[in-house]
Amino acid sequence: MITSFQDLIKTRPPWSTVLVWYLRAIALLLIGGGVIHWARIVGFVPWRGLWFWDMPVEWQAATVFFAVLDLVAAIGLWLAVSWGTVMWLFRAMSQIVMHSLFADIYGRRPYEIAFYILTIAIYLLLMYLMEREIRKN
């Protein structure tokens with residue numbers, strides 16, 4: 001029985017397992033995002049009151065870009081393969097650049113940028129803990 005924080009730490013799964021489940025949680029978010037992007041493209045839902053064919057061209061390009069990238073990255077993250085992580089990091093960095101350097105076109109979204117930075121920081125922390133645990137064994 002877990003009676004203290006120390007007991008919880010001792011009974012936790014290996015960091016590699018925690019990392020895989022973290023990446024799978026991110027994959028679920030990306031699947032949801034990809035489905036929403038595709039729903040916009042095929043005309044099921046509007047975006048800010050605009051249908052896909054009425055969006056500015058730069059928003060159409062971004063929607064198609066993330067519709068494909070989200071689902072590809074999600075598959076790779078779910079399978080826990082290296083290219084999935086690369087695709088996810090590329091996707092996150094694309095969003096950060098899009099909402100900071102091109103904020104005049106795509107708008108500023110500081111909370112979204114903070115979310116991506118936080119998820120990347122958690123990933124790096126889990127990678128560090130996993131590597132440290134592997135070196136000890």
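**Surface, fold and largest pocket**

The protein exposes about 8,700 Å², of which carbon and sulfur atoms supply 72%. The structure is a predicted model. Of its 137 residues, 35% count as buried.

The secondary structure consists of six helices and zero strands, giving the pattern α-α-α-α-α-α when read along the sequence. The radius of gyration is 18 Å, well over the 14 Å that the globule rule gives for 137 residues, so the protein is more spread out than a compact globule. Along the principal axes, the C-alpha atoms fill a box of roughly 55 × 30 × 30 Å. Among contacts in the protein with a separation of 6 or more, residues 24 or more positions apart account for 59%.

Empty space in the model was examined next. Rolling a probe the size of a water molecule over the atoms shows where such space is left. The largest pocket holds about 410 Å³ of space. It is lined by 24 residues, and those closest to its centre are His37, Arg91, Gln95, Glu112 and Tyr116.

Four helices each supply at least two residues of this lining: α2 (15–42), α3 (57–79), α4 (82–100) and α6 (110–136). Of the elements that contribute, α2 gives the most to the lining of the largest pocket, with seven residues. By class, the lining comprises 13 nonpolar, six polar and five charged residues.

Methods:
Residues numbered from 1 in each chain as written. Predicted model: local features only at pLDDT ≥ 70, side-chain atom pairs only at ≥ 80, totals over all residues. Heavy atoms only, no water. 1 Å grid on protein atoms, 1.4 Å probe; cavity = no way out; pocket = protein on both sides within 12 Å on 5 of 7 lines; lining within 4 Å. Points joined across faces, edges and corners; volume = space filled by probe spheres on them. Nonpolar A, V, L, I, M, F, W, Y, C, P; charged D, E, K, R; others polar. Rg over C-alpha atoms; globule rule 2.2 N^0.38 Å. Buried < 20%, exposed > 50% of the residue type's maximum accessible area, 1.4 Å probe, protein only. Contact = heavy atoms within 4.5 Å. Areas by Shrake-Rupley, 256 points an atom, 1.4 Å probe, with all protein chains shown as cover.
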